[in-house]
Amino acid sequence: MLNRVIMGVYPTHYALDSQVTDRMAWFYRARARGGASLIVVEGPCLDYPHDYSGETQLRLDDDSFLPGLQRLTETIHAGGARAFLHLNYPARTGPREARVSVHEHSSSVELGRLVRKFGEAAGRAREAGFDGVEVQAGWGELISRLLSPAYNHRPDEYGGPLYNRGRFLLQVIAAVQDKAGSDFPIQVKMSAREFLPGGFEIEEAQAVAAMLEKAAVASILVSAGSADTRRWSVPPQAVPPAVLAPIAAQIREAVGIPIVTVGKIKNPDMAEAILAAGQADFIALTRPFITDPDWAKKARKGRPQDIRGCIYCLQECAGSGVPGLGRACVANPYTGQEGLIRIRKARKKKRVVVVGGGPAGMQAAITAAERGHSVRLIEQAPRLGGVFSYPRIAGYKGDVVELPRYLEHRVRQLGIDVTLGVRATAAHVLAQEPDAVVVATGSRRFIPPYPGIEGENVIEGRDFWAGRDGFGGRVAIIGAGSVAFEAADWFADRGTEVTILARGADYLKDMTELPRKELLDRLGTKRVRILSKVQVVSIEPALLVYRDEEGGEVSLAIDTIVVAAGGRRDPALAEELKGRVQEVYLAGDCDQPGTGGMAIRSGLGVGLRI
Ligand SMILES: Cc1cc2nc3c(=O)[nH]c(=O)nc-3n(C[C@H](O)[C@H](O)[C@H](O)COP(=O)(O)OP(=O)(O)OC[C@H]3O[C@@H](n4cnc5c(N)ncnc54)[C@H](O)[C@@H]3O)c2cc1C
Ligand SMILES: Cc1cc2nc3c(=O)[nH]c(=O)nc-3n(C[C@H](O)[C@H](O)[C@H](O)COP(=O)(O)O)c2cc1C
């Protein structure tokens, strides 16, 4: 059944030798079956080798790539969705060390050649069974740079007034219609606001929208941002939800063709409200479909609580993803492995005790219960969620609370026996006479042995995020990861002067590019000083002494010190139980300190083995 929900384009990077793989087909099949009415498939290379980003990108510059794409469109159609192909030409081409700006350095003849490449690709897309194409005219890619007065300084017929800056886009539309047929739908993805000084802004975007309507474009997907203002293109945690809907509404006022809005539309209620307010005609979701392929199906059934929500962290779906796995999802261990992981009933029903109700423990309990085991989950805190439920984290980056919310919902749905407020010991576990135990108790805090570290002015990072109070004045934070830097942000927001002391030259290595830049930009506007390559020497009641890069000792007058030096593996309880219970497993941070994604995958792996 068709609806107004579109899956936005997402480069999975699951191609091999630029061909469609089973993994890619499974990924899209799950989203088609999950109720998206239209799926925009990732953009192929159109003009090999100039716009080629590597063997994990699809190609459509030659007929030999058609069979794989035909299989993909058949798969999507069989799942019940329509398929559009995203067509894009990058702003810069050439080898990494010698990139050339296409909009600046291409002659008008060369631009004419690129127009033909779009047309040929659209013709092949139709042959491959696609139902339409999406032309990328935003995001700081080639077409948007030509549209943008901030980037386009050409003296020829492609530069100057908007009519000229829009020429290439309109030629592309005409070429697509020529090669694929005038009945072949074209959606244009446009950054209606670049958020750049002197850039492409709403009035010009409205004018371009009118030109596109006149050129018989089927719909416009309203995005925003450019290469240097990417926070508007893929809104991270720090940006409010549905932030682009009012911009879509402004474009909708200018034209009569359908307008699609996108960008951090978090749940079905939010989507309905946008449609009801007349801000857009269709809703595109990208990250929500990465996290839950069945988003639309669950929304249609009136079961929004069953949706596994995105936490907008951009940790595993972006960049190169997870080592050995590629692009994945922190909140969903199945993403990118749709065809590989099967929940099969266990041959023998076992009595399973899971100790620790963080992400790892909850996921292990869920998978074990799904496989038919009888599961008891014991958590010492008054609530489930582990680190993700720390009160100060919820107040600081509220999007993440969706991760424990969903897992707890699933735990309750499966009827898992949950005991809260009990610190399980070996004796306690053995008294349950389990066949299998999963120890998922989280990592052991690491406190570096600096003289004075036990002082009353020192708070351990996790205690801070768990809500400990009783600090004040000037703050120093020892640590180089996100736990330390986000604490600095929290303090700075309250007007506190903060100094971060990182041992190495590199910091925030546990974050991907966009959220890292977002956080560092934010800290740059606040009273936060970052000292790297420093070594803490000692801590005194109102003083911290450190050694700087040159080896000189520096004293810092400080009132509160937060130590966020990470966690260590903690197999103690599991060691005690080994040999006394048939099966003993470790899951999550207590086995390998890491991220929420690693913890959930580890819980899933253990749940499948019991
Ligand atoms: C401040 C902070 C922010 C973070 N932010 C992110 C983020 O944004 N994204 C991300 O991916 N990762 C983040 N991480 C890392 C992530 O939180 C962890 O990797 C993840 O929570 C590990 O899950 P886990 O279930 O193994 O352990 P935990 O989340 O630590 O859960 C272990 C649970 O076991 C319970 N427990 C321990 N001993 C016992 C016992 N004997 N009996 C009963 N219960 C017991 C604990 O109370 C706890 O609830 C963050 C970490 C910190 C410290
Ligand atoms: C990791 C990642 C990469 C993306 N790459 C592209 C891209 O190359 N081109 C594009 O037009 N959109 C790209 N998108 C953007 C999405 O299609 C969408 O516009 C954006 O994520 C906002 O929607 P969402 O909040 O529902 O995810 C990407 C999104 C993500 C998360």
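**The site of ligand 1**

Guide: A polar backbone atom of Gly 594 sits 2.9 Å from an oxygen atom of ligand 1. This is a predicted model, where local features need pLDDT of at least 70, side-chain atom pairs count only at pLDDT 80 or more, and totals for chains, interfaces and linings use all residues. Residues are numbered from 1 along each chain as its sequence is written, chains are lettered from A and ligands numbered from 1 in the order in which they are written, and side-chain values use heavy atoms, with hydrogens and water left out.

Now move along the chain. A backbone N or O atom of Thr 595 is 3.3 Å from an oxygen atom of ligand 1. For Gly 596, a backbone N or O atom lies 2.8 Å from an oxygen atom of the ligand. A polar contact is a pair of N or O atoms within 3.5 Å; within protein, one must be able to donate a hydrogen and the other to accept it, and residues adjacent in sequence count only if both atoms are side-chain atoms.

How much of ligand 1 does the protein cover? On its own the ligand has 990 Å² of accessible area, and the protein covers 89% of that. Such areas come from the Shrake-Rupley method with a 1.4 Å probe; for residues, only the protein chains shown count as cover.

Helix H13 (359–370), strand E12 (374–379), helix H17 (461–465) and helix H21 (596–609) are the elements that give two or more residues to the shell around ligand 1. H21 gives the most, with three residues. Helices (H or I, at least four residues) and strands (E, at least two) are DSSP runs, numbered from the N terminus.

In total, 31 residues surround ligand 1. Glu 379, Lys 397, Asp 589, Gly 594 and Gly 596 are the closest. A residue counts as near when one of its heavy atoms lies within 4 Å of the molecule. By type, the shell has 14 nonpolar, twelve polar and five charged residues. Here Gly counts as polar, and Asp, Glu, Lys and Arg as charged.

Ligand 1 lies between domain 2 (351–443 + 569–609) and domain 3 (458–566), because both give residues to its shell. Domain bounds come from an automatic or database domain assignment.

Helix H18 (residues 482–493) holds Asp 489. Asp 489 is buried, with a relative accessible area of 1%; buried means under 20%, exposed over 50%, and partly exposed in between (1.4 Å probe, protein chains only). Its side chain makes a polar contact of 2.6 Å with the side chain of Tyr 396. Beyond neighbours within four places in sequence, Asp 489 is in contact (heavy atoms within 4.5 Å) with Tyr 396, Leu 519, Arg 522, Leu 523 and Lys 526.

Step back once more. Six residues of domain 1 are in contact with four residues of domain 3.

For comparison, look at ligand 2. It has 20 residues around it, with Val 9, Gln 136, Lys 264, Thr 286 and Arg 287 coming nearest. An oxygen atom of ligand 2 is 2.7 Å from an N or O atom in the side chain of Arg 287. The protein covers 92% of the 610 Å² of accessible area that ligand 2 has on its own. Its shell has eleven nonpolar, six polar and three charged residues.
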